[in-house]
Amino acid sequence: MLEHYRMFADYNRWANRRLYAAASELSDAEYRTDKGAFFGSLHATLNHILAADRIWMRRFTGQGEAPTRLDQILHEDLAGLDAARRAEDERIISYIDGLDEARLGAHFTYTPITMPDEIRQKLGPTLAHFFNHQTHHRGQAHATLTALGRPSLTLDLVSFLRTEGEQWAG
């Protein structure tokens, strides 16, 4: 499973770079237009993905900034958000690279933002949620881009494996 999560960490970075490159081609007005995604605009959706990643990474590591709201705007401008996203992607890769199989099977505890109850879960399945959550919201970001009349963006894992992830494709 560890190699599986390493692959997802690399894929996550690749997909985020593609998404942010597409976002950089928008006007500021387009970037901030509410197109009906869960968080509305591409700006709010990208901020949410970063906020959630930071919340989970704080839970996993006990370190780093952790927003107190899922809709928190961490950066008002795309350039600042992009720089923070790149740093967080590298942090995720470094964290995953430092894990071992025993740690994946171990339990950890955290308190969700949405309720005061402490949760105890195994790390491995929670990492699956972590990466799936990013993919889910990147899909909403993709839908926002197409709603703005932009070309469809290839973010499929298999495309990553074919172009950038040969070491994972076997």
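User: Let's begin with aspartate 10: where is it placed?

Analyst: Aspartate 10 sits in helix 1. Keep in mind that we're looking at a predicted model.

User: Why does aspartate 10 count as buried?

Analyst: Its relative accessibility is 13%, and the cut-off for buried is under 20%. So aspartate 10 counts as buried.

User: Which residues is aspartate 10 in contact with, leaving aside neighbours within four places in sequence?

Analyst: Those are Ile93, Phe160, Gln167 and Trp168.

User: And what makes glutamate 88 count as buried?

Analyst: Glutamate 88, which belongs to helix 4, comes out at 5% relative accessibility. With the limit set at under 20%, that value makes glutamate 88 buried. Not counting residues up to four places away in sequence, glutamate 88 touches Leu50, Asp53, Arg54 and Met57.

User: Why does threonine 33 count as partly exposed?

Analyst: Here the relative accessibility is 28%. Buried needs under 20% and exposed needs over 50%, with partly exposed in between, so threonine 33 counts as partly exposed. Threonine 33 lies in the loop between helix 2 (28-32) and helix 3 (42-61). Its contacts, not counting residues up to four places away in sequence, are Gly40, Ser41, Leu42 and Leu148.

User: On to the helices. Why are helix 1 and helix 6 called roughly parallel?

Analyst: Their axes cross at roughly 20° and come within 11 Å. Angles under 35 degrees count as roughly parallel, and therefore helix 1 and helix 6 get that label. The crossing of the two is left-handed.

User: What classes of residue make up the contact of helix 1 with helix 6?

Analyst: Helix 1 contributes residues including Tyr5, Phe8 and Asn12, and helix 6 has Phe131, Gln134 and Arg138 among its own. By class, the contact has 13 nonpolar, five polar and one charged residues.

User: What makes helix 4 roughly antiparallel to helix 6?

Analyst: Helix 4 (residues 78-97) and helix 6 (residues 123-147) pack at about 160°, their axes 14 Å apart. That angle makes helix 4 roughly antiparallel to helix 6, as the label applies over 145 degrees. The crossing of helix 4 and helix 6 is left-handed. On the helix 4 side, Ile92, Tyr95 and Ile96 meet Leu123, Leu127, Phe130, Phe131 and Gln134 of helix 6. Those contact residues divide into seven nonpolar, one polar and no charged.

User: How many aromatic pairs are there?

Analyst: The count comes to 14 aromatic pairs.

User: Why is the pair of tyrosine 5 and phenylalanine 131 called stacked?

Analyst: The ring centres are 6.5 Å apart and the planes stand at 20°. Pairing requires centres within 6.5 Å, and stacked requires planes under 30 degrees apart, so this pair is stacked. Tyrosine 5 is in helix 1 (residues 2-23) and phenylalanine 131 in helix 6, so the pair ties together parts 126 residues apart in sequence. Both tyrosine 5 and phenylalanine 131 are buried.

User: How do you know that phenylalanine 130 and phenylalanine 131 are edge-to-face?

Analyst: Their planes are at 65°, with 5.1 Å centre to centre, and edge-to-face is the label for planes over 60 degrees apart. Phenylalanine 130 is buried, as is phenylalanine 131.

User: Which residues do the ring pairs link into a cluster?

Analyst: The cluster includes Tyr5, Phe130 and Phe131, along with Trp14, Trp56 and Phe160 among others.

Notes: Residues are numbered from 1 along each chain as its sequence is written. This is a predicted model: local features need pLDDT of at least 70, side-chain atom pairs count only at pLDDT 80 or more; totals for chains, interfaces and linings use all residues. Side-chain values use heavy atoms; hydrogens and water are left out. Axes are lines fitted to C-alpha atoms, for helices over the stretch in contact, and angles run from 0 to 180 degrees between N-to-C directions. Helices (H or I, at least four residues) and strands (E, at least two) are DSSP runs, numbered from the N terminus. Angles under 35 degrees count as roughly parallel, over 145 as roughly antiparallel, 65 to 115 as roughly perpendicular and the rest as oblique. A crossing is left-handed if the near helix is turned anticlockwise from the far one by less than a right angle, and right-handed if clockwise. Contact means heavy atoms within 4.5 Å. Ala, Val, Leu, Ile, Met, Phe, Trp, Tyr, Cys and Pro count as nonpolar, Asp, Glu, Lys and Arg as charged, and the others, Gly among them, as polar. Rings of Phe, Tyr and Trp (its six-membered ring) pair if their centres lie within 6.5 Å; planes under 30 degrees apart count as stacked, over 60 as edge-to-face and the rest as tilted. Buried means under 20% relative accessible area, exposed over 50%, partly exposed in between (1.4 Å probe, protein chains only).
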